[in-house]
Amino acid sequence: MSGSHNSLVFSGMQPTGNLHLGNYLGAIRNWLKLQDQYRCIYCVVDMHALTVDHDPKSLAQATREVAAAYMASGVDPKRSIIFNQSQVAAHAELAWVLNCVARIGWLNRMTQFKDKAGKNREAMSVGLYAYPVLMAADILAYRATHVPVGDDQKQHVELARDIAQKFNNDFGVADFFPLPEPIIQGPGMRIMSLRDGTAKMSKSDPSDYSRINLTDDADAIAQKFRKAKTDPHPLPEAEKELEGRPEADNLISIYAAFSEQPKQAVLDGFRGAQFSAFKGALSELVVSKLSPIAAEMRRLLADPAEIDRLLHKGAEEARALAAPVIADVRRVVGFVG
Ligand code: TYM
């Protein structure tokens, strides 16, 4: 990633359900280091939460929980901007313009929509379909250049690039929007369900045993790893022997991500071990990393007014950054006023 003074990092997370290990390893954890070098904006995308059935009574609390998870993990509101999307109208305003730039054929290719809609496509909200365009607006409203996300969001960031490129071409404004790049690196970019090594770990999986939530206590974490699906073989010697063993690969990846070493280094330490022994070590490692975060989240959530104040302040900063971009967009597309 270039260190140009124009670099700007943007990422976000939906306030829907419990945050889990995949969200932490695939996203938040990678956001922390970027703060040392870049201007970073980390958003709680509460407008995206409306694209599927949601409970208005729990949305505010879920929004505060995500903000608390960011801060408890080490996102520093003094250095980075933390806010919730719906407080900054620029996102919705730009999303409309970009809806008119993006093509239906492009959205038809989005695998996440296909996965979420399943056979029920006709009954889904228009918002769920247009969701990746709102995501493009989130990024482009700040002319963000880098987007640290998990592997499942790669296609959406690529769509944002295509939309930016088409806007620049259509309106004859080369370089108006930079083409945002995804940052997806390391072993934690695609954490799988603990029940099925071929399915992504997800907030929407009905089984709580499929995921480790950021707020799970030590007993729950140990129990979930104990029950995690594995195969009957011991841990292999070489990384390539993990091929065709998705559950084993997933547990090794989680260990590698938390201990910040390559998968092969983990295997060097555990080759030939039985999963029962490895799972014990894995639980200990994960508990040692997550329990301070859960404790700090609880502390922050005890004062919701303070979280709201921080989100409000972050939204003011975000509004100020987006305002000149929106003014330029309005001029370029020909709006009066
Ligand atoms: P969301 O809320 O589904 O997920 C938030 C982040 O967590 C990552 N993630 C995972 N990483 C590894 N393994 C997993 N099993 C796993 N599950 C989730 C996601 O890749 C993501 O980085 N559309 C986005 C939110 C969004 C956004 C944006 C992101 C809205 N606007 C602008 C970046 C930039 C989403 O639904 O993420």
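Partly exposed, as used in these legends, means a relative accessible area between the buried limit of under 20% and the exposed limit of over 50%. The views below all come from a predicted model.

**View 1. Asp-249 and Lys-263 pair up across two helices.** Asp-249 has 22% relative accessibility, so it counts as partly exposed. Its salt-bridge partner is Lys-263, with the closest N and O atoms 2.8 Å apart. This pair links distant parts of the chain, with Lys-263 in helix H10 (residues 263–270) and Asp-249 in helix H9 (residues 246–259), 14 residues apart. Is Lys-263 buried or exposed? With a relative accessible area of 18%, Lys-263 is buried, because the cut-off for that class is under 20%.

**View 2. Arg-330 reaches over to Glu-93.** Here the two side chains meet in a salt bridge, 3.2 Å from N to O. Arg-330 belongs to helix H12 (residues 304–333) and Glu-93 to helix H3, so the pair ties together parts that are 237 residues apart in sequence. Both ends get some solvent: Arg-330 is partly exposed at 27% relative accessibility, and Glu-93 is partly exposed at 33%.

View 3. The closest N and O atoms of the Lys-313 and Glu-317 salt bridge are 3.5 Å apart. Lys-313 is partly exposed, at 33% relative accessibility, and Glu-317 is partly exposed too, at 27%. Elsewhere, salt bridges with shared partners join Asp-208, Arg-211, Asp-216 and Lys-224 into one network. How many salt bridges does the structure hold? The count is 19.

**View 4. Domain 1 meets domain 2.** The chain splits into domain 1, made of 8–190 plus 304–333, and domain 2, made of 215–298. Their C-alpha centres lie 30 Å apart. In terms of contacts, 12 residues of domain 1 touch 12 residues of domain 2. Together the domains bury about 1000 Å², and carbon and sulfur atoms give 75% of that area. On the domain 1 side, Leu-21, Ala-72 and Pro-187 supply 46% of the area buried against domain 2, more than any other three residues.

**View 5. A closer look at what crosses the domain interface.** Sorted by class, the domain 1 side has 7 nonpolar, 2 polar and 3 charged residues.

**View 6. Gln-85 sits in a loop, yet is buried.** The loop in question runs between strand E3 (81–84) and helix H3 (90–99). Why does Gln-85 count as buried? Its relative accessible area is 0%, so Gln-85 falls in the buried class. The Gln-85 side chain reaches the backbone nitrogen of Met-47 at 2.8 Å. Leaving aside neighbours within four places in sequence, Gln-85 is in contact with a run of residues that includes Cys-43, Val-44, Val-45, Asp-46, Met-47 and His-48. Its other contacts include His-91, Leu-134 and Asp-138.

**View 7. Thr-63 packs against pieces from elsewhere in the chain.** Thr-63 is part of helix H2, and with a relative accessible area of 5% this residue is buried. Pro-15 is 48 residues away from Thr-63 along the chain, but their C-alpha atoms are separated by 5.1 Å. Beyond four places in sequence, Thr-63 contacts Pro-15, Val-44, Asp-46, Asn-84 and Leu-311.

View 8. Ala-222 lies in helix H8 (residues 218–227). At 22% relative accessibility, Ala-222 is partly exposed.

How values were computed
Residues numbered from 1 in each chain as written. Predicted model: local features only at pLDDT ≥ 70, side-chain atom pairs only at ≥ 80, totals over all residues. Heavy atoms only, no water. Domains from an automatic or database assignment. Contact = heavy atoms within 4.5 Å. Buried area = accessible area lost by both parts, 1.4 Å probe. Nonpolar A, V, L, I, M, F, W, Y, C, P; charged D, E, K, R; others polar. Helix = DSSP H or I, 4+ residues; strand = E, 2+ residues; numbered from the N terminus. Buried < 20%, exposed > 50% of the residue type's maximum accessible area, 1.4 Å probe, protein only. Polar contact = N/O pair within 3.5 Å; in protein donor to acceptor, adjacent residues only side chain to side chain. Salt bridge = Lys/Arg side-chain N within 4 Å of Asp/Glu carboxyl O.
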